[in-house]
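I opened this notebook to record what I looked up in the structure. The entries follow the order in which I made the look-ups.

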Amino acid sequence: MSDTAAHSPDEHGHDHPPHLAHHFDTLKQQFEAGKLGMWAFIAQEILFFSGLFCAYAVYRFNHPEIFVYASHFLDTTWGAINTCVLLFSSLTMAWGVRCAQIGDRKSLILCLWLTILCGFGFMAIKYVEYKGKWEHGLLWGQGYQPTEEAIEHAFSHGHGDSHAEHPVEPSNVRTFFAVYFCLTGLHGIHVLVGIGLLFWLLFRAYRGDFSPQYFAPVDFIGLYWHVVDLIWIFLFPLLYLIH
Amino acid sequence: MSSITDPTPLHATVTEPQTGYGHEHDPGDDSPVGDAHHSPYGMGHISSWQTLVKVWVALMLLTILTVMATWVNLGTLNIWIAMGIAFVKATLVVLYFMHMRHNKPFLAYLFTFSLAFVAFFLGMVMLDSKSYQPDIERRMLDDNQQTPIKQVIPAIVPSTPAAPTKTETPPAKTGH
């Protein structure tokens, strides 16, 4: 099956497998090098996000009352649904890599579509959350001007206690929202970039680029997508499960 | 679709390798063809769909667990439990979805190395931040009492360097 696609004699005068760059000897070497490069990038991404996580840690350690108060403005349900959406997208992505590895083009395309769908689902829920924050005046810095409705919704919603008046607002709750929007915003940008990369993979998959000999792009973009999921795995309890 | 689940056997034989394909085998693998788990071109491990689904189910259960853990109030222990569960989930994703289980060890060292530096970063900053706790507590006390803090700023008076003023407005020193 691969004989016709095996070598492509071209203007170079020699033939080599398609998608093998000239500075590599074999497809396997190219794959290993690409994998190392992707993991180096992932190591950097972790350090990149660690700056924001450090800001979170310092603020929360110094002012836990701000985080406890502000956590009432976040909806745990949406956060949990988003977590499940991303976890499922990781499954479809890993499954897609497997499909590419065994040369199953149709299933790879299906898996890529499902992953993209999950990505859009995540962003849609993010949009709903952000819109709610905007309408309730729950933004960062000077933008933190919570409406009466926001406070009512956050503190009396779902509580059956008779003494459930909302607690005294500590100062600088705006700091929580600065941290919240930076963390989720940066993560959201990464999801959008991931969706773009997945569309590129989809285009290439339709074109028939991938085979058991050459599936590296699927593998590496899969790694990126898993990193995006990993970050959310930590963001969810830190932002949504403060009680 | 059956193809999504059955480990499609690849070519019956690997013929004389074309230039650039290489002819590597996994160590200990004496079969010339790929099977359900080994790429015939030596390019990594192929996960079975059963493994992937099992890992996903575990991740979903851990998510449910982490949400349920917030229903029990254990004070400061709660965040550590949440982080512990998150760490387990992350380990599953890295080991199985990201193939770290079957990667060359060097990649695991690289990844762990960056995690170690994150730990160092956060640890050092938290230690430093902890040393400012007394100042923060004092400020919070002041906030609660709602007394504005009068800032005593010594005025900079060019001609008399040894005369710091203790009032809020600098004395009107004229000349030079």
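The entries below concern a predicted model.

**Entry 1. Chain B overall.** I began with the secondary structure of chain B, which has four helices and zero strands. From the N terminus on, its elements therefore read α-α-α-α. I then looked up burial and noted that chain B has 176 residues, of which 16% are buried. Of the contacts in chain B between residues at least 6 apart in sequence, I recorded that 29% join residues at least 24 apart.

**Entry 2. The pair α1(B) and α2(B).** How do the axes of α1(B) and α2(B) cross? I found that they come within 10 Å and cross at roughly 170°. The angle is over 145 degrees, so α1(B) counts as roughly antiparallel to α2(B). On the α1(B) side, the residues that meet α2(B) include Val55(B), Leu59(B), Leu62(B) and Thr66(B). On the α2(B) side, I noted Ile81(B), Ile85(B), Lys89(B) and Leu92(B) among them. By class, this contact has 13 nonpolar, three polar and one charged residues.

**Entry 3. α2(B) by itself.** I checked the length of α2(B): its 21 residues reach 29 Å from the first C-alpha to the last, close to the 30 Å expected at 1.5 Å a residue. Which residues of α2(B) are buried? I listed Ala82(B), Ala86(B), Lys89(B), Val93(B), Val94(B), Tyr96(B) and Phe97(B). These buried residues pack against α1 of chain B and also against α4 and α8 of chain A.

**Entry 4. The residue after α2(B).** α2(B) is followed by His99(B), which I located in the loop between α2 and α3 (105–130) of chain B. Most residues other than glycine have a negative phi. Is His99(B) buried or exposed? I found 21 other C-beta atoms within 10 Å, so His99(B) is buried.

Entry 5. His19(A) is in the loop between α1 (3–6) and α2 of chain A. It counts as partly exposed because it has 17 C-beta neighbours inside 10 Å.

**Entry 6. Where the chains meet.** I looked up the contacts between the chains: 51 residues of chain A are in contact with 51 residues of chain B. On the chain A side, α2, α4 and α8 each give two or more residues. The largest share, 17 residues, comes from α2(A). I recorded the chain A side as 33 nonpolar, 13 polar and five charged residues.

**Entry 7. The largest nonpolar core.** How many residues does the largest nonpolar core have? I recorded 81, and those with the most contacts inside it are Leu108(A), Val218(A), Ile231(A), Leu235(A) and Leu239(A). Elements of both chains supply at least two residues each, including α5 (105–135) of chain A and α1 (49–69) of chain B. α8(A) gives the most, with 18 residues. For Leu235(A), leaving aside residues up to four places away in sequence, I found that it touches Leu183(A), Thr184(A) and His187(A).

**Entry 8. Pro64(A).** Last, I located Pro64(A) in helix α3 of chain A. Pro64(A) counts as partly exposed because it has 14 C-beta neighbours inside 10 Å. The C-alpha atoms of Pro64(A) and Ile242(A) are separated by 9.7 Å, although the two residues are 178 residues apart along the chain.

Conventions
Residues are numbered from 1 along each chain as its sequence is written. Chains are lettered from A and ligands numbered from 1 in the order in which they are written. This is a predicted model: local features need pLDDT of at least 70, side-chain atom pairs count only at pLDDT 80 or more; totals for chains, interfaces and linings use all residues. A nonpolar core is a set of buried Ala, Val, Leu, Ile, Met, Phe, Trp, Tyr and Cys residues joined through C-beta atoms within 7 Å. A residue is buried if 20 or more other C-beta atoms lie within 10 Å of its own, exposed if 12 or fewer, and partly exposed in between; C-beta atoms are placed from the backbone. Two residues are in contact if their C-beta atoms, placed from the backbone, lie within 7 Å. The expected span of a helix is 1.5 Å times one less than its number of residues. Ala, Val, Leu, Ile, Met, Phe, Trp, Tyr, Cys and Pro count as nonpolar, Asp, Glu, Lys and Arg as charged, and the others, Gly among them, as polar. Axes are lines fitted to C-alpha atoms, for helices over the stretch in contact, and angles run from 0 to 180 degrees between N-to-C directions. Angles under 35 degrees count as roughly parallel, over 145 as roughly antiparallel, 65 to 115 as roughly perpendicular and the rest as oblique.
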